[in-house]
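Please keep the sequence and the 3D view open while reading.

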Amino acid sequence: MNRNSMGARMLGLVAVVAVVTVAGCGGGGSSSSGSGGDKTVTIGFAQVGSESGWRTANTQSIKSVLTKENGFTLKFADAQQKPENQIQSIRSFIAQKVDVIAFSPVVTTGWDTVLEEAKAAKIPVILTDRAVDVKDDSLYASFIGSDFVDEGKRAGVYVSTTFGTAPISVVELQGTTGSAPAIDRKKGFAEAIAANPNIKVVASQTGNFTRSEGKQVMEGLLQSQPKIDVLFAHNDDMALGAIEAIEAAGKKPGQDIKIVSIDGVKDGMQALTDGKINYIVECNPLLGPDLATLAKKVADGGTVEKRIVTKDEAFDQAAAKVALPSRKY
Ligand code: GZL
């Protein structure tokens, strides 16, 4: 899409994108001059959307710490999974002269121009959850989030060692096309199973990280694939949608079709405990506290670590039974 048509789309989106000031004083303009310390830090956060249980937990973690009591004014925007909405929100944060901008980029590409505008405005940018693919990594101060390649690898190693001792047909429900978690989880899974000749990925399609699309795609795969032994889903929400499709087809999820997923949200851990999922690699969404610490530092002009990797556990059915009661999300 060329810049003019992009500009037209973005202007049209002004009415769509609601930038909400969540805490502290309303209205535009920074309530501090590039401050950290005890002065209020005004932070603009452009969230992916509300597509999954993981996103809900991530948003809750962010909103629960970026509060007036903790010295923040939060301007929060929900992009409804559209990168153009995020670009519009970031431009709005720049116009309001916030102290810090943070966002979880829907997809990895298309960010150079707007991040250059933030840099020109001397507003530091923190990436949370998902990464960007930019020529100049000085365009952001820090990236805090999980290692998605490792998550995919761990899922692949489990499939290979647990189910791959005989020939198996695997179907893959990918996350949002072009997003860092979808690209990297697919890469990690493929690397982990590459050496096992028993494993064949017979189909790999996006379910866009949502339960409804995961169900829809799985319905199609159950029709088109003569044999499905294992489902690898890039997130629990798509796995839960697929479970509905598998049961509607008269098959037993977790038994007739084994399921390996990523996230570890409550509904996913419940399905794991109930034996409908076989293994979940966690992707910790509770990024709020670390984001708050980073935001104060960069607002103060301090330097921060370029990459902070959040720790992820993994659960089989027995481990899920033990962990579920005390899960925070
Ligand atoms: C991963 C995050 C992904 C989750 C999905 O960090 O970006 O997006 O795995 C969510 O549940 O929709």
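A residue is near a molecule if one of its heavy atoms lies within 4 Å of that molecule. The model is predicted. There are 13 residues around the ligand, and those that come nearest are Glu-51, Asp-129, Arg-130, Arg-185 and Asp-263.

- Asp-263 places a polar side-chain atom 2.6 Å from an oxygen atom of the ligand.
- For Arg-185, the distance from a polar side-chain atom to a ligand oxygen atom is 2.8 Å.
- Ser-52 has an N or O atom in its side chain at 2.9 Å from an oxygen atom of the ligand.

**Burial and location**

- The ligand on its own would expose 320 Å², and the protein buries 100% of that area.
- The site of the ligand is the largest cavity.
- Helix H2 (53–65) and helix H6 (180–193) are the elements that contribute two or more residues to the shell around the ligand.

**Make-up of the shell**

- Sorted by class, the shell around the ligand holds six charged, five nonpolar and two polar residues.

- Most residues other than glycine have a negative phi.
- Asn-208 is not a glycine, yet its phi is positive, at about 55 degrees.
- Asn-208 belongs to the loop that runs between strand S8 (199–206) and helix H7 (211–224).
- Phe-209, also not a glycine, has a positive phi of about 65 degrees.
- Phe-209 is likewise placed in the loop between S8 and H7.

Methods:
Residues are numbered from 1 along each chain as its sequence is written. This is a predicted model: local features need pLDDT of at least 70, side-chain atom pairs count only at pLDDT 80 or more; totals for chains, interfaces and linings use all residues. Side-chain values use heavy atoms; hydrogens and water are left out. A polar contact is a pair of N or O atoms within 3.5 Å; within protein, one must be able to donate a hydrogen and the other to accept it, and residues adjacent in sequence count only if both atoms are side-chain atoms. Accessible areas come from the Shrake-Rupley method with a 1.4 Å probe; for residues, only the protein chains shown count as cover. On a 1 Å grid over the protein atoms alone, a cavity is a set of points where a 1.4 Å probe fits but cannot get out, and a pocket is an open set with protein on both sides within 12 Å along at least five of seven lines; lining residues have an atom within 4 Å of a point. A molecule sits in a cavity or pocket if more than half of its atoms lie within 2 Å of its grid points. Helices (H or I, at least four residues) and strands (E, at least two) are DSSP runs, numbered from the N terminus. Ala, Val, Leu, Ile, Met, Phe, Trp, Tyr, Cys and Pro count as nonpolar, Asp, Glu, Lys and Arg as charged, and the others, Gly among them, as polar.
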